[in-house]
Amino acid sequence: MLLQGKTAIVTGGASARGLGLATARLFAAQGARVVIFDLKGAEDAASGLPPVETGAHLGLACNVTDKASCESAVAETLAAFGGIDILVNNAGITQPLKSLEIKPENYDAVLDVNLRGTLYMSQAVIPAMKQSGGGSIVNISSVSAQRGGGIFGGPHYSAAKAGILGLTKAMAREFAPDQIRFNAVCPGFIATDITAGMMTPEKHEMILAGIPMGRAGVASDVAGCCLFLASNLSAYCTGTELDVNGGSHIH
Ligand code: NAD
């Protein structure tokens, strides 16, 4: 068991086919008590996780764009579990817009959930991690940050995810002396509901043609990377980006 006795928060973890829930399931299967934060459905999602000997999992309503909401959900987690060892900043949204179509509200929505949320949630857990002697924070970026989009999200999504890479590296440097590690995961195209209602069969074919491994990723492909970065297997890794893209972007 790689996460025995650990407490892990996964944001955006309530989506049934999402990367967050797959990660939460794998963490629980590896012995962690998991707290799912999401806009809605977190309690139900948490109740469906594999049981652990150390007690029940928890699901809490949290809007990661709202600093007070992050702080109160983290306070509730600490009251319930006493500490936080792992945070996965997974909550995210995308929009398939071109540069000239991005309106102020599109920019705000995409930057706020992906980038501001990652900062606010990290700020909320750092004091507890410092106090307990360390922790691991895994930020979900995207191949879109590295190659300038081209799969699904618009330029504002690429910018938000690239912002996450910068934030990850700067915070990794700042908090390394506190033994708090920050790493990023850069998924390529993974079959989840984030593209719900926005994907066409032609677009799907075009995406698959650009993936040397010949298939879309599945949520468990990303969960495995999160487990590596969350656990002590990656004890000396901080400030890294881990690609999980079937070869669609080799650099
Ligand atoms: P998803 O839509 O299935 O899940 C995203 C979750 O985030 C949802 O449960 C949603 O309710 C939650 N969320 C949205 N706004 C929130 C907020 N303000 N506060 C709290 N929770 C909020 O998407 P997914 O595909 O599982 O994506 C998970 C992460 O992976 C996202 O950051 C996404 O950008 C990233 N990603 C996905 C892919 C892919 O191909 N699926 C590729 C690269 C990166």
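Which residue in S2 does Thr 11 stand opposite? I looked it up: Thr 11 faces Phe 37. Strands here are DSSP runs (E, at least two residues; helices are H or I, at least four), numbered from the N terminus.

Before going on, I note that this is a predicted model, where local features need pLDDT of at least 70, side-chain atom pairs count only at pLDDT 80 or more, and totals for chains, interfaces and linings use all residues. Numbering runs from 1 along each chain as its sequence is written, and side-chain values use heavy atoms, with hydrogens and water left out.

Next I checked the pairing: S1 runs parallel to S2 (residues 33-38) over 5 bridges. Pairing takes at least two DSSP bridges between two strands.

Is S1 buried or exposed? I found 5 of its 5 residues buried, so S1 is largely enclosed by the rest of the structure. Buried means under 20% relative accessible area, exposed over 50%, partly exposed in between (1.4 Å probe, protein chains only). Thr 7, Ile 9 and Thr 11 cover one side, Ala 8 and Val 10 the other.

Then I went to Leu 2, in the segment before S1 (7-11). Leu 2 counts as partly exposed because its relative accessibility is 36%.

Last, the overall picture. I count 8 helices and 7 strands in the protein. Buried residues make up 52% of the 251 residues. The C-alpha atoms fill a box of roughly 50 × 35 × 35 Å along the principal axes.
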